[in-house]
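Here are my notes for your reading of this model. Please keep the structure open beside them.

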Amino acid sequence: MVYQATYDETEAAEIIAEHEALEGPLLPILHGIQARFGHVPEAAVRQIAAALNLTRAEVHGVVTFYHDFHKEPRGRHILKVCRAEACQAAGSDGIADAIEKALGIGFGETTPDGQVTLEAVYCLGLCAAAPSAMLDRRIVGRLSEAKVGALVEEARL
Ligand code: FES
């Protein structure tokens, strides 16, 4: 389950104030904002840039460079499907297609009800049990097209 909260400038200002005296405060502030709100919206980019005397482009560049930061709210559940070589060799492309079809969304998208975000990952360290996926923090190995229905159903709960 991913925590999402409505962005609040006062709370964001507290997070910024907690970290702005640090050397290199930008990353700790971004992590704090994401931990609190579940994503780093444009309003946060503006607020952080003003507080740290940076341009919005500079803050935006850092947000987009690190894949762990998200500009949009994500779903309550995150389903990550491994698209790297070992999983591909074990048939992950067909599984990925079946998951997209079952959820009705593509990779990088969130279901309209906000329940599931589908993301690609490139190796979960579980190549021996390929094809692999991860639902929130639970690793799922030896995935097959037959198991996709149950996995998607679980993600929608
Ligand atoms: S390549 Fe998929 S888990 Fe390593």
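1. A96 is buried, with a relative accessible area of 0%. Buried means under 20% relative accessible area, exposed means over 50%, and partly exposed lies in between, with a 1.4 Å probe and protein chains only. This is a predicted model, where local features need pLDDT of at least 70, side-chain atom pairs count only at pLDDT 80 or more, and totals for chains, interfaces and linings use all residues. Residues are numbered from 1 along each chain as its sequence is written, and side-chain values use heavy atoms, with hydrogens and water left out.

2. Where does A96 sit? Its place is in helix α6, residues 92-103. Helices (H or I, at least four residues) and strands (E, at least two) are DSSP runs, numbered from the N terminus.

3. A96 touches R83 and F107, leaving aside residues up to four places away in sequence. A contact means heavy atoms within 4.5 Å. A96 and E145 are 49 residues apart in sequence, and their C-alpha atoms are 8.8 Å apart in space.

4. Now the whole protein. It has seven helices and four strands. Along the sequence they follow the pattern α-α-α-α-β-α-α-β-β-β-α. Of the 157 residues, 43% are buried.

5. The protein is divided into domain 1 (9-65) and domain 2 (77-156). These bounds come from an automatic or database domain assignment. The domain centres, taken over C-alpha atoms, are 31 Å apart. The C-alpha trace spans about 50 × 30 × 25 Å along its principal axes.

6. Look at contacts between residues at least 6 apart in sequence: 61% of them join residues at least 24 apart.
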